[in-house]
Structure formats: structure tokens, C-alpha cells
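Please keep the structure in view while reading.

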Amino acid sequence: MQFLLLMHVNPAVWDALTEEERKEVMSGHAPFVEKIKESGEMVGTVVLADPSESAVARTRGGVPVVTDGPYLEAKEFLGGYYLVECESRERALELAALIPDAGVEGLGVEVRPVIYQDAPGR
């Protein structure tokens, strides 16, 4: 089964961390990536830019309308994800708990099953 491990960012929580704590979280991703590559559970990962760099495309009356992001005003935003393939939801939850962000008070990693994927070579 495939699961998306979604890392949500809360800027207020992130900004409250010391520089050393932020570096620890960021540098903790490399060992996690190695672990899930070695186990064969890694499918892919993505880190997203800040929502201020996004744009929203809509069509209104047949005319494309583009506005600068973010899409929603929110205290949290999607910062990135890991796509993993593992034997069970329980294993996906175990992996999510190993992501450094999961250890930061006020942050968490959402685990969501993938029900459909269409990608080249898969």
C-alpha cells in the first residue's frame, strides 16, 4: 500500500524554535531518507516553497484568472511530503513518527492512504 506522509508547517511554531532546533529538524531528514531508501519503502519526496510563492488558477466565465497565493489563509500550510510504499497503515504511522517534524511540539505528520496514482514507469 502507498501512503502520503504530509508535513504541515505552522510558521508560529517554527519561528519559536531556536536556530539550533530548526537545523536539527532539517538535518534529521537525511537519515530518515536513507532509512526508507534502504528498506525499499521510499517512492518519492517533495519539499514545497512557501505559500507566498504560489498562485491560484481559476476559470471564471471561460476566462482564466490567476491570483497570487496562498490559496487559503491558514495558520498551517503543506510544506512537503514523502510518498512511501509499505505493508500496512501501522508501518506508515511508524515511519511518520520518525520524521523529525513529528517530534516538534505543535507540528505533526498526517498519514493518508493513496487510493489512485498514475505515474510514468509505475
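A nonpolar core is a set of buried Ala, Val, Leu, Ile, Met, Phe, Trp, Tyr and Cys residues joined through side-chain atoms within 4.5 Å, where buried means under 20% relative accessible area, exposed means over 50%, and partly exposed lies in between (1.4 Å probe, protein chains only). The model is predicted, so local features need pLDDT of at least 70 and side-chain atom pairs count only at pLDDT 80 or more, while totals for chains, interfaces and linings use all residues. Residues are numbered from 1 along each chain as its sequence is written, and side-chain values use heavy atoms, with hydrogens and water left out.

**The cores**

The largest nonpolar core has 15 residues, of which Phe-3, Leu-5, Phe-32, Tyr-82, Val-84, Leu-95 and Ile-99 touch the most other members. Two or more residues of this core come from each of strand 1 (2–9), helix 3, strand 5 (77–85), helix 4 and strand 6 (109–113); helices (H or I, at least four residues) and strands (E, at least two) are DSSP runs, numbered from the N terminus. A second, separate core of five residues includes Leu-17, Val-25, Val-104 and Leu-107.

**Helix 4**

Within helix 4, the residues Ala-92, Leu-95 and Ala-96 are buried. Seen down the helix axis, the buried residues fall within an arc of 100°, so they line one face of helix 4; the arc is that of the directions from the helix axis to the C-beta atoms. The face turned away from this buried side carries the exposed residues Glu-90 and Ala-97, whereas the cover over the buried residues includes strand 1, helix 3, strand 5 and strand 6.

**Salt bridges**

A salt bridge is a side-chain nitrogen of Lys or Arg within 4 Å of a carboxyl oxygen of Asp or Glu, and by this rule there are four.

| Salt bridge | Distance, N to O |
|---|---|
| Glu-41 and Arg-91 | 2.9 Å |
| Arg-91 and Glu-94 | 3.1 Å |
| Glu-110 and Arg-112 | 2.6 Å |

Glu-41 lies in the loop between helix 3 (29–38) and strand 2 (42–47) and Arg-91 in helix 4 (residues 89–98), so their pair ties together parts that are 50 residues apart in sequence. Glu-41, Arg-91 and Glu-94 are linked in a network of salt bridges. Glu-41 is buried, at 9% relative accessibility, whereas Glu-94 is partly exposed, with a relative accessible area of 45%.

Terms used:
Contact means heavy atoms within 4.5 Å.
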